[in-house]
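Me: Hey, can you walk me through this structure? I'd like to start with the rings and then go over some helices.

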Amino acid sequence: MGIRDGSDISIGVKAIFQLESSGISVVRTAQAVRQAPCEFVAIAQHGVGSGQLSTESDSRTVRSGQTVLCDVTQPFEYSWRGSGGTRTLQVSVDELAVPIDVVRRAGEHLASSPLYGLVSRHIHDMAADAEALSATAVAGILGTASIELIRALILSAAGDSPAAREVLEQTLITQVRAYVRQHLRDPNLGPDAIAVALAISTRHLYRVCGNAQLHLEQWIISSRLEGARMELSQTAARSTTITPIARPWGFKHPTHSARRFRAAYGMPPSQWLRTAQAERGDNEDLVPRGDC
């Protein structure tokens, strides 16, 4: 049944919290906020029965299965009578990287987001298997994925505003960089493949990269060259040729990649390898065959 009776378990750097009780009122007063600030927000899915979520500006009934956003940085009260419970995922404001006014605006329209059902199921499934999930090697990845889901939910629920668009683009450019790093050795990596993977148009991808002053193709090539250069620096085998090093880094044409290497580092790959071997004290007659 997951976590019960007020326990919590860490999913990476996140915490999933499940509480089941008969009649409860969780209150955070204005005085408590001033004396002991809590810089996090909570996405809570209500269990059996109905509850009440009240803030300084709003009060609403929370029904069974409904998911709500609770801004713990401000005063609130969350309560229910009789049997009830909640599954809650806590995320720090810093990790969320969304302006708090955008978070609060999203909380008023959370169910309008097309991601509402997906995030609700995610919270439910994580709470059900939290103990097992927290013990796996991928707990950190799961925590990061949870933040991305919640950030996307908040931004889509907040509506079209300059702040929401700006943060959404920042999130997207982070995803672009992460995807490129993970697939740098894929020879088919390019704008079209990245756009498909992130479910956006190639035109949108170029616009976001342009706003971030990221020259996508140039950055991919530079990153591949740096990877090949580092691998060359570590190469010492007598029979090593340079060409096989370039191919695993996504370069389809060795001659073309050699020209790019020379332009970037001021010498051909073969000279770079000889220099690296000499600095390590390798035999200078171990000259590799071929070029990349």
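**Rings, helices and the whole chain**

Reply: Searching the whole structure turns up one aromatic pair. Keep in mind that this is a predicted model, where local features need pLDDT of at least 70, side-chain atom pairs count only at pLDDT 80 or more, and totals for chains, interfaces and linings use all residues. Residues are numbered from 1 along each chain as its sequence is written, and side-chain values use heavy atoms, with hydrogens and water left out.

Me: How are the rings of tyrosine 78 and tryptophan 80 arranged?

Reply: Their centres are 5.9 Å apart and their planes sit at 75°, so the pair is edge-to-face. Rings of Phe, Tyr and Trp (its six-membered ring) pair if their centres lie within 6.5 Å; planes under 30 degrees apart are stacked, over 60 edge-to-face, and the rest tilted.

Me: Are tyrosine 78 and tryptophan 80 buried or exposed?

Reply: Tyrosine 78 and tryptophan 80 are both buried. Buried means under 20% relative accessible area, exposed over 50%, and partly exposed in between, using a 1.4 Å probe and protein chains only.

Me: OK, helices now. How many residues does H4 have?

Reply: H4 has 13 residues, 116–128, and reaches 19 Å from its first C-alpha to its last, close to the 18 Å expected at 1.5 Å a residue. That expected span is 1.5 Å times one less than the number of residues. Helices (H or I, at least four residues) and strands (E, at least two) are DSSP runs, numbered from the N terminus.

Me: Which residues are buried in H4?

Reply: Tyr116, Val119, Ser120, His122, Ile123, Met126 and Ala127. Looking down the axis of H4, these buried residues fall within an arc of 160°, so they line one face of the helix. The arc is taken from the directions from the helix axis to the C-beta atoms.

Me: Why does methionine 126 count as buried?

Reply: Because its relative accessibility is 3%. The C-alpha of methionine 126 is also 9.7 Å from that of serine 146, 20 residues apart along the chain.

Me: And serine 146, which helix has it among its buried residues?

Reply: That's H6, whose buried residues include Ser146, Leu142 and Ile150. H6 runs over residues 139–158 and reaches 29 Å from first C-alpha to last. Just after H6, glycine 159 takes a positive phi of about 90°.

Me: Zooming out, how many helices and strands does the protein have?

Reply: There are 13 helices and seven strands. The protein has 292 residues, and 42% of them count as buried.
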